[in-house]
Every structure is written in structure tokens, then in C-alpha cells.
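Subject: Structure handover

Hello,

Here is the structure for you to look over. My notes follow below it.

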Protein chains: 2
Amino acid sequence: MATPAPTRQRRRGHDPESVLSIAVGVFNERGYDGTSMEDLARALGVTKSAIYHHVPGKEQLLARALDRALDGLFEMVADERAASGAAIERLERVVRQSVRILVDRQPYVTLLLRVRGNSRTERAALERRREFDAFISHLVGQAAAEGGIRADLDPALVTRLLFGTVNSITEWYHPSRGASADDLADALITMMFDGLRSNAA
Amino acid sequence: MATPAPTRQRRRGHDPESVLSIAVGVFNERGYDGTSMEDLARALGVTKSAIYHHVPGKEQLLARALDRALDGLFEMVADERAASGAAIERLERVVRQSVRILVDRQPYVTLLLRVRGNSRTERAALERRREFDAFISHLVGQAAAEGGIRADLDPALVTRLLFGTVNSITEWYHPSRGASADDLADALITMMFDGLRSNAA
DNA sequence: TGGTTTACCGAACATTCGGTCAGTTGACAA
DNA sequence: TTGTCAACTGACCGAATGTTCGGTAAACCA
């Protein structure tokens, strides 16, 4: 035991990571604009000024949170661009992966989906998000062109409804209770790809 | 022409209705908490203080807007409680009607769906919304019990995904361009009830 | 014409906002 | 025991917030 564990109990108190994760929780409860630094301080159990010891300010907290969501999505896009196979099957895999990311990084993705573009930080995030949306649109377009999607459905509309459904998970999903990410993805894909209607009826 | 038309060109200027509709537009662009009375004044082409000549304050604008959305939804619920027939078919009709309301009152419903509960006004709206959700949950539960919904899908999950999809329309729908409310409802119901996958594949 | 009403402005208000800064505290190493 | 340093406090700043109020000018009615 020449050197003790490098990450020992470092006094008690916060670090940039704990501040970020608690702050994002409050942002999602009250909305970013509806959250004051005083609100954050209360949730952290410290005074307002202590927050500035760990992070540069409110907008940087938002920027870091949004990057976590977007980085996750773009890692998947990078993997998936190299994939082959029928577009409808690649789409199914992308939906499954999106649900996984949304569940794993739920607070960060939730925050991302609520961004309106009120600051440069928010507009930059919206720009990256549009890039992600374009990737999905292209994939749905391919699946439609290959005949994998019902011909009576507009591919642009399918894109919006499909990812509207995926994104709506942030509104109610709570990791502790309820289904796992995989079970959730299974149910969502069954419903969206094959329909909720029973064939017996 | 003993009496001129009662709603003549009343000077030019605003009234409570025009203030509300413009304000709701700005609320949806920037978020309620992200919108200052100065922002509203700019959008209305008047000074801040002029707004108080027409409406009691910012929170009252929100309250009136939320009531427009909720009143529409509950009018439908009242109609539908008296309906008969298979639950799966009543569900289909409720989804169609919900899309219609969402399109007709898009700005108001959009605002409602973003409420977080930061004030008494917002909490009251959330309470009414939960009541609406309970009605939908019950209807989906009936449809499942009658065998109208695939047995491998959890009814609670179907409720959330189905209305998550419907509600996500507010994120992108623009009444001027794109499909009509009926066409949109047709496509959504086809996709959610029968699936997007082509049977040919 | 004169008086009333409607729509509005400009200045001010108390409060809250995000952020700064000079200290204080307490765990730890030497 | 002493010195170091990260974590934190409390007082404070200027700017922005929602709201109030006294006044004003134009349209309308008698």
C-alpha cells in the first residue's frame, strides 16, 4: 500500500460532476430558464457563490449537459454509418440504440429536447440536433425507397412520428421503476413497426 | 343603417384577444420563463406598460392560454363518455379527435405540454391534464381487456407511447404548410394501429 | 364644442437575477 | 506544529425582472 487509492474520500463536498448532475435534475424539474442559481444552491446544500468554485456559470452547466446528450447520439451515428443491410433493419437498430441512449442519459437528453434556442449555447445544440435528424430522415427515406415501409405513408411524416414517440419517453420514464431499456425498446418497436392492433380482432 | 356594425374598426390597437394570441406565440418560441414582458411588448409593437391595459399580468396570460387547450380536450371527453361501441374503435376516434384539437389549438396545446408546475397556475393545469390522461388510460385498458390490443403489449405503455406520439406533433406541425388535420390523423392511426412496416417485405 | 373613453407612454418601483470577491474553515502533508 | 489548499461563506454589484401610476393624445358621443 505504497499509494492509497487515488480516489479516496476527498473531504466531503462537491466537484464539477456532482454539481452538473444535480443541476441537470433541477433544470428538468423547473425548466432551465425557470431555475435560478439560488435554486441550484439550495439543491446542492451550499450557497450560490460556492457553485462558482466548481463551474464557470449557469450557461456552461447547460452546455456541458447538452454535449453529453449529443455526444451519445453522434457516437451511434458514427457506428451506424458504417453498417450495411436492409435500411428497414438498420432503422430498427437505430431506434433501439436511440432508446438505449435516451434511457442511459435520460436527464441530459430530456434537457436537450426542451432547448428553444434562446442563447448561442442553445442554438449550437439545436444545430447539432438538426444534423442528427437529417441522418434519421435519410435512413427512413432509404427504407421507404427499398419498399420496407408501407407505401401509403409519407417518409417525412414517419420520421417525425417515429422519433416523436422515441423522444416522448423522456416525459415519463424513470429508470428505477418500470421496464429496462431493452424491454422498452422491444415494445416500442413492436408497436411502431407492426402496430398495436390485435390481429385476432 | 340606424346602427353601424357593432364590431367596427375600433380605432386601431390591441384587445385582450390579440394580446393573448401574440403572447402565446412568443411563449412558444422562447418558453414561458424565457419570455420577459419586454419581449411581449416588442412583439406587440407597444411598451411594456400598455400590456397591463389589456390583461392583468403575465401569469394570467398563461392561465387563459392553458384553459383554451384544456377546455378543448375536456369537451371531447364529455362527448366521448356517452359513446358506445368497441373500446378499440372509441380509442381510434379519441386519437383522431385529439389530433384535431391539437391542430386547431396548436399554440395553446403546445404551451400546455411544456408546463412544469412552477406556479399555482401551472400546477392547476397539470392537475387537469392528469385527469385527461386518466380517461385515456382507462380507455386503453378497456381496449386491452376486450382483446383489441396485442396481448404482448402493456396497456400502460401503449397509453404513454400513443399519446407521446400524438403530443409530439406540436413540436413540428405548422398549419399553413403540410397535411390537414384529417390526413395527419389518418397517417398517425395507420402507423400506430397497424404499423409502419410494409407487408410486402 | 365639450366631455368621456380607450389606448397608450415614460418614469419609477421593489425584487430577483447571474455573477464577483475578500475572507474563513478544516482536512491533510510535512 | 505549521503551512497549504480546496471548499465554502457572506456581503455585495449592476442589470433585468414584473408591475404600478400619473399623465396624454386621439377617437368617439352628445
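Is A:S137 buried, exposed or partly exposed? A:S137 is partly exposed, because 16 other C-beta atoms lie within 10 Å. The cut-offs: 20 or more other C-beta atoms within 10 Å of a residue's own is buried, 12 or fewer is exposed, and in between is partly exposed, with C-beta atoms placed from the backbone.

Some ground rules. This is a predicted model: local features need pLDDT of at least 70, side-chain atom pairs count only at pLDDT 80 or more, and totals for chains, interfaces and linings use all residues. Residues are numbered from 1 along each chain as its sequence is written, while chains are lettered from A and ligands numbered from 1 in the order in which they are written.

Chain A overall

Chain A has nine helices and zero strands. Helices (H or I, at least four residues) and strands (E, at least two) are DSSP runs, numbered from the N terminus. The C-alpha trace of chain A spans about 60 × 45 × 40 Å along its principal axes. Chain A has 201 residues, and 31% of them count as buried. Take the contacts in chain A with a separation of 6 or more: residues 24 or more positions apart account for 69% of them. Contact here means that the C-beta atoms of two residues, placed from the backbone, lie within 7 Å.

Two residues on α7

A:S137 lies in helix α7 (residues 120-145) of chain A. Leaving out residues up to four places away in sequence, A:S137 touches A:A156 and A:T159. A:R160 is 23 residues from A:S137 in sequence, and the C-alpha to C-alpha distance is 8.5 Å.

A:R129 is also in helix α7 of chain A. A:R129 is partly exposed, with 17 other C-beta atoms within 10 Å. Its contacts, leaving aside neighbours within four places in sequence, are A:L70 and A:L112. A:R129 and A:L70 are 59 residues apart in sequence, yet 7.2 Å apart in space, C-alpha to C-alpha.

α1 against α4

In chain A, α1(A) packs on helix α4 (residues 58-81) at an angle of about 90°, with the axes 10 Å apart. The two helices therefore count as roughly perpendicular. That label covers 65 to 115 degrees; under 35 is roughly parallel, over 145 roughly antiparallel, and the rest oblique. Axes are lines fitted to C-alpha atoms, for helices over the stretch in contact, and angles run from 0 to 180 degrees between N-to-C directions. A:L20, A:A23 and A:V24 come from α1(A), and A:L61, A:R64 and A:A65 from α4(A). By class, this contact has five nonpolar residues, no polar and one charged. Ala, Val, Leu, Ile, Met, Phe, Trp, Tyr, Cys and Pro count as nonpolar; Asp, Glu, Lys and Arg as charged; the others, Gly among them, as polar.

Where the chains meet

The contact between the chains takes 39 residues from chain A and 40 residues from chain B. On the chain A side, α1 (16-30), α8 (155-168) and α9 (181-194) each supply at least two residues. α8(A) gives the most, with eight residues. The chain A side divides into 16 nonpolar, twelve polar and eleven charged residues.

The core

The largest nonpolar core has 98 residues, and A:L188 and B:L188 touch the most other members. A nonpolar core is a set of buried Ala, Val, Leu, Ile, Met, Phe, Trp, Tyr and Cys residues joined through C-beta atoms within 7 Å. Beyond neighbours within four places in sequence, B:L188 contacts A:L161, B:V99, B:T165 and B:V166.

B:A185 is in helix α9 (residues 181-194) of chain B. B:A185 counts as buried, because it has 23 C-beta neighbours inside 10 Å. B:A185 touches B:R96, B:V99 and B:R100, not counting residues up to four places away in sequence.

The DNA

Around DNA strand C there are 20 residues, and A:S36, A:S49, A:G57, B:G13 and B:S49 come nearest. Near means a C-beta atom, placed from the backbone, within 6 Å of the molecule or strand. α2 (37-44), α3 and α4 of chain A and α3 of chain B each give two or more residues to this surface.

DNA strand D is surrounded by 19 residues, the closest being A:G13, A:S49, B:S36, B:S49 and B:G57. At least two residues each come from α3 (48-54) of chain A and from α2 (37-44), α3 (48-54) and α4 (58-81) of chain B.

Best wishes
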